[in-house]
Amino acid sequence: MIDDPREQSSDDASPRLVWAEDGSPRSGRFGDVYFSKDDGLAETRAVFLDGCGLPDAWADRADFTVAELGFGTGLNIVALLDLWRRTRPSNSRLHVFSIEGFPLSRDEAARALSAWPELAETANAVLAVWPDGTPGFHRLDLPQWNARIDLAVGDARWALEQWSGPADAWFLDGFSPALNPGMWSPEIMALIAARSAPGARVATFTVAGAVRRGLAEHGFVVEKKPGHGRKRERLEARLPSPPLAASPQRHIAVVGAGIAGASVARALIAGGARVTVVEAERPGAGGSGFPAALVTPRLDAGDALIAGFHAQALERARALYRALPDAVIAEGVLQLEQTPRDATRFDKVAAQDLWPAGAMTRLDAAACARHLGESVQAGGLLMQGALALRPSAVLEPWLTGAERLTAVVADLQAEDDGWTLRDADGAILVQADAVVLTAGWGNAALAPDLSLAPVAGQAHWIDGPTTPPVAWGGYAVPTGTGLLFGATHDRGQADLTPTAEAAARNLATLTAALPSLAAQVEAAGASQTRKAVRATTPDRLPAAGPLEASNLYALTGLGSRGFCVAPLLGEHLAAVILGQSSPLPAAFAARLAASRVFAQPKGSARANTA
């Protein structure tokens, strides 16, 4: 089993891309063409679109999923999207999952796709969201057409093992079996079958016997069809079972309206669900209610899985936040060294291939001082992809489309067909098919079997002084009009009353790291103060997924990384609830499963403090 997406099928040093005299691209590694020089677009339409019965196959579908082996130049998916734009049913959603072991750059793909001016608008939209070629899963949004692409960069077997599926149609477009046999192995055929929906169709240019036998052995009915251009034959296959009937719209209750609740609500609504958000006070009443927040990953030099998860989470959060007006205050966050071992750790993090080129830059003390305009004694790591964020510009847009209910949930009651949420007087607040607990530390009162611990944090903000975003044992974040700084980290405390002692600690922490900025803060006068409670798990990792009871889910334990990890985990949880394909690799989902922090059931809960 291949666990690492960086394990590829070829180790040679050949150039990855060679341009032929006629302008067509060819793989230098595998010695095969990316598309036919006769007419690559016509071939794509004949082999893959017609071969999978498109557009008729999606004519009555609310959701349709296409999976592809061999993303290459993106031509197949651009042609698919072009067809989808013209023929999709109203309000339907297209999900694409594609795998590429050796991704092309945006410029290389643009040069290849420029051969078809009739696809220019669609191609430019895909090129605009073209990902960096780092290992792992990348989600690309095309909301203008209600479509999205999940691109897995890595070995095909690894990617298929990590993807949740299922696919309604498959484009098998790896380089030829003779030149790249790993893409067509029996293990790959078995995974294709395992990730196929009832009635799934398969199309490919090759009629190699091993491919025909591999599909037939897994229940596909295989047929040779007339080929395109110089190729005499191509292959179509289908599972004989009929597609599943469309499921009725699900009604999901989300308890909590901080960044976790807003992330889940946004993803559920995008997936076609009806959503009711129940919040005791207002969006951002808890830890998401400060005027600014840092969006930073956990820097892990030893745990590859957790490092990979945070790299994917940061990429996803950044893409979603940048699409919101006025949400991003500043880009790039400097993490200062706190201990001597941080220098070695930061060196290792900067060298990880999880990050795009230039995303993690090591700075010495002098460079840190220049960056901050401040006397600094330590080096640091400049995280170019990290952000300073305005939470209020995120929560409201992401809750748009949800039904909103201001109330305290005191009890959850499982019913035969879902859940009933009641207040302290026993009155019914809402009845829903499923419930998602996203209320941070408030989840501990509503679901006491969750192993959560409170960590109180007090922070302060003031108009006037400002700084580039920076973190160490504390943090200083621009708000747009001034500065937010803090925060305390008081484990086991859930009291929300700000204290003078905590304020003094925060100022001392700021003074020790950034003395000039601290002097400006003191000179500016009184600051505004707020205290909130973070929820943490025993292993300090977030928890996302189903709990013991049927149709009860949680997104919690985000600690101080909520604005980084919640957008991706919200999409994962929505996919699980709605039976759609998740953007999260299976290994990440298993490591972060909410069930790991759920003790033996003790009965229903009482009193929610969301």
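A crossover is right-handed if, with the strands pointing away from the viewer, the path from the first strand over the helix to the second runs clockwise. I kept this in mind while reading the model, which is predicted.

Entry one, the β-α-β unit. I looked up S3, H2 and S4 and found that they make a right-handed β-α-β unit. S3 and S4 (residues 93-100) run parallel and are joined by seven bridges. For Asp63, I noted Arg93 as the bridge partner in S4.

Entry two, the surroundings of strand S3. I checked S7 (residues 167-172) next; four bridges join S7 to S3, and the two run parallel. Val66 stands opposite Ala169 in S7. Are the residues of S3 buried or exposed? I found seven of the seven residues of S3 (residues 63-69) buried, so the strand is largely enclosed by the rest of the structure. Asp63, Thr65, Ala67 and Leu69 point one way, while Phe64, Val66 and Glu68 point the other way.

I read an angle of about 75° between H1 (residues 40-49) and H2 (residues 75-87), with their axes 10 Å apart. Angles of 65 to 115 degrees count as roughly perpendicular, and H1 and H2 are therefore roughly perpendicular to each other. The H1 residues in the contact include Leu41 and Phe48, and those of H2 include Ala79 and Leu83. I noted that the contact residues divide into seven nonpolar, three polar and two charged.

Entry four, an open sheet. I found three strands in the order S18-S19-S20, with antiparallel pairing. S18 (411-415) and S20 (428-432) are the edge strands. I recorded an average twist of 20° from one strand to the next. Four bridges join S19 (residues 418-422) to S20, and Leu421 has Val430 as its bridge partner in S20.

Note on methods: Residues are numbered from 1 along each chain as its sequence is written. This is a predicted model: local features need pLDDT of at least 70, side-chain atom pairs count only at pLDDT 80 or more; totals for chains, interfaces and linings use all residues. Side-chain values use heavy atoms; hydrogens and water are left out. Axes are lines fitted to C-alpha atoms, for helices over the stretch in contact, and angles run from 0 to 180 degrees between N-to-C directions. Angles under 35 degrees count as roughly parallel, over 145 as roughly antiparallel, 65 to 115 as roughly perpendicular and the rest as oblique. Contact means heavy atoms within 4.5 Å. Ala, Val, Leu, Ile, Met, Phe, Trp, Tyr, Cys and Pro count as nonpolar, Asp, Glu, Lys and Arg as charged, and the others, Gly among them, as polar. Two strands pair if DSSP finds at least two bridges between them. Buried means under 20% relative accessible area, exposed over 50%, partly exposed in between (1.4 Å probe, protein chains only).
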